[in-house]
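Please open the structure in your viewer and keep the selection tool at hand.

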Amino acid sequence: MRVLVVLAVLCGFVANARAQFDIDKMLKGLGGSVGSSSGLSDVKIGSGLQEALKVGTENAVVQTGQIDGFLKDQAIKILMPKPLQSIEQPLRLVGFGPQIDEFVVGMNRAAEKAVPFAKQIFWDAIGEMTFDDARNILNGPDTAATDYFKANTSKKLYAAFRPTVEDVMNKIGVNQQYNQLVDRYRSIPFAKSIVFDQNQYVTEKATDGLFFVVGQEEKKIRTNPAARVTDLLKEVFGSRGR
């Protein structure tokens, strides 16, 4: 009988240990345990943040990755770069206005083609989020998650965007247009020398524009209850009184 009792106790201990292991495995990446002073479990906070960030980043990628996603959005439209703004007026005066307009359109098209690669990069960053990250984002300012993405994905986004930007700008003739514009400018008497990497410029502007829209999506979820499209989002963000 004593042997049976001991075996039962041991089985119960193993079962509890396995259950705790499963919980710890589920919390991997969140770095915390269930229970918090805010009344929400760590698991629920982590799940709510992950869901919110997936919704927000997917909306941002879809919005910016469609035709005119950059070109028709004045907040993120890619304009003539500053180093070239000084040559814009002289070139328009000698009849190169249409080429300049095509150059601007082409830069925006390249950005629109590149941003869909961001979705998986964002989602990988979401999966690597720790519990402390989740708490800081939930309790942080309206763009705390966007700041987290900037810190953890900027280099990866640039590396993913650059080949596509360069490929698109070659295929649709943007780089050729750039060379023609610069060559024509250089033919103007007393024109200054220009050294500029248009592919780098578009890649950086595509990244900046995407982060701007991600920030807008984050603000919506935090401040607008209608943007909390699931019960989990309503519970997690509603608990903050936002």
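Helices are DSSP runs of H or I with at least four residues, strands are DSSP runs of E with at least two, and both are numbered from the N terminus. The model is a predicted one, in which local features need pLDDT of at least 70 and side-chain atom pairs count only at pLDDT 80 or more, while totals for chains, interfaces and linings use all residues. Residues are numbered from 1 along each chain as its sequence is written, and side-chain values use heavy atoms, with hydrogens and water left out.

**Stop 1: Glu217**

Select helix α9 (residues 198-223), in which Glu217 is placed. Is Glu217 buried or exposed? Glu217 is buried, because its relative accessible area is 8% (buried means under 20%, exposed over 50% and partly exposed in between, with a 1.4 Å probe and protein chains only). Now display Gly56, Asn59, Ala60 and Gln63: Glu217 is in contact with these residues, neighbours within four places in sequence being left aside. Contact means heavy atoms within 4.5 Å.

**Stop 2: the largest nonpolar core**

A nonpolar core is a set of buried Ala, Val, Leu, Ile, Met, Phe, Trp, Tyr and Cys residues joined through side-chain atoms within 4.5 Å. The largest one here has 59 residues, and Phe122, Phe149, Val202 and Leu210 have the most contacts inside it. Helix α7 (residues 144-171) gives the most to this core, namely nine residues. Next, select Leu210: among the residues that it touches, beyond four places in sequence, are Ala60, Phe70, Phe122 and Phe161.

**Stop 3: helix α3**

Select Leu84, Ile87 and Leu91, the buried residues of α3. They lie on the same side of α3 because they cover an arc of only 65 degrees around the axis, the arc being that of the directions from the helix axis to the C-beta atoms. These buried residues pack against α4 (97-114) and α8 (174-186). On the other side of α3, Lys82, Ser86 and Leu93 are exposed. After α3 comes Gly95, with a positive phi near 90 degrees.

**Stop 4: Asp68**

Move to the loop between α2 (42-65) and α3 (82-93), where Asp68 is found. Asp68 is not glycine, yet its phi is positive, near 70 degrees. Most residues other than glycine have a negative phi.

**Stop 5: residues 1-37**

Finally, colour the model by pLDDT, the predictor's confidence in each residue, from 0 to 100. Over residues 1-37, pLDDT stays under 50. Where pLDDT is low, the predicted coordinates should not be read in detail.
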